[in-house]
Amino acid sequence: MPLWLEPLERLVEAGGAVLVGIALVAMLLFAMALERVWYFRVTYRRARRELIGHWVARADHVSWSALTLREAWTQALLRRLRRPLPWLRLLVGLCPLLGLLGTVTGMISVFDSLALSDSGQARAMADGVARATLPTLTGMAVAVVGLLFTSRLEHIIRREDQRLHDRLARAVEERHA
């Protein structure tokens, strides 16, 4: 085995196979988070400029149909920004459950080994319990970081909803000034 994979192998030995599942969920969660950052910084801003340009190019800005169209355009743009939120919430909720699964399976193996050995070694039991709780710790840590990102993304979306309406109104005012 390559030297750079050795710490990973020790981590899997310490936490069990469920830890690999938590790592895969964490990689997917953080990949989606990075994709959202990229989308917001590049794609969304370009789409927002195009939307403002389309709105300013219209002749009518005050009728009911124009305001309804503006609302439909803004909601469609914000919907694309919101699209991965349910998946992010699902992955955040999955992490602690996978951690709990790892703890339960680890504790079952600890009790199995204690039943087979016929010796109540406290040290072996403490090591087994520590090994069994590692997946819970990992699952909770990934979930907390994912929850922080998800709540930040929701805050950004709420803020962008207000800013987009303000920018559309300001762009029309500047055009008529």
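I started with a rule: a salt bridge is a side-chain nitrogen of Lys or Arg within 4 Å of a carboxyl oxygen of Asp or Glu. The model is predicted, so I noted that local features need pLDDT of at least 70, that side-chain atom pairs count only at pLDDT 80 or more, and that totals for chains, interfaces and linings use all residues. Residues are numbered from 1 along each chain as its sequence is written, and side-chain values use heavy atoms, with hydrogens and water left out.

**Confidence**

I looked up pLDDT, the predictor's confidence in each residue, from 0 to 100. The protein chain has a mean of 88, and 94% of its residues reach 70 or more. Helices are DSSP runs (H or I, at least four residues), numbered from the N terminus. Confidence is lowest in H1, at a mean of 78, and highest in H3 (residues 64-82), at 94.

**Salt bridges**

I searched the whole structure and got 3 salt bridges. For cover I used three classes: buried is under 20% relative accessible area, exposed is over 50%, and partly exposed is in between (1.4 Å probe, protein chains only).

Arginine 36 bridges to glutamate 35, with the closest N and O atoms 2.9 Å apart. Arginine 36 is buried at 6%. Glutamate 35 is partly exposed at 37%.

Next I checked glutamate 160 and arginine 48, which meet at 2.9 Å, N to O. Glutamate 160 lies in H5 (residues 122-176) and arginine 48 in H2, so the pair ties together parts that are 112 residues apart in sequence. Both residues are buried.

Then came glutamate 154 and arginine 89, at 2.4 Å, N to O. Glutamate 154 is in H5 and arginine 89 in H4 (residues 85-117), so this pair ties together parts 65 residues apart in sequence. Glutamate 154 is partly exposed at 22%. Arginine 89 is partly exposed at 44%.

**Rings**

I went back to arginine 36. What does arginine 36 lie over? I found the face of tyrosine 39 under it, 4.2 Å from arginine 36 to the ring centre. The rule asks for NZ of Lys or CZ of Arg within 6 Å of the ring centre and within 35 degrees of the ring normal.

For aromatic pairs, ring centres of Phe, Tyr and Trp (its six-membered ring) must lie within 6.5 Å; planes under 30 degrees apart are stacked, over 60 edge-to-face, the rest tilted. I counted 1 aromatic pair. Phenylalanine 40 and tyrosine 44 are stacked, 5.5 Å centre to centre with 15° between the planes. They sit 4 residues apart in H2 (residues 18-57), about one helical turn.

Terms used
Helix = DSSP H or I, 4+ residues; strand = E, 2+ residues; numbered from the N terminus.
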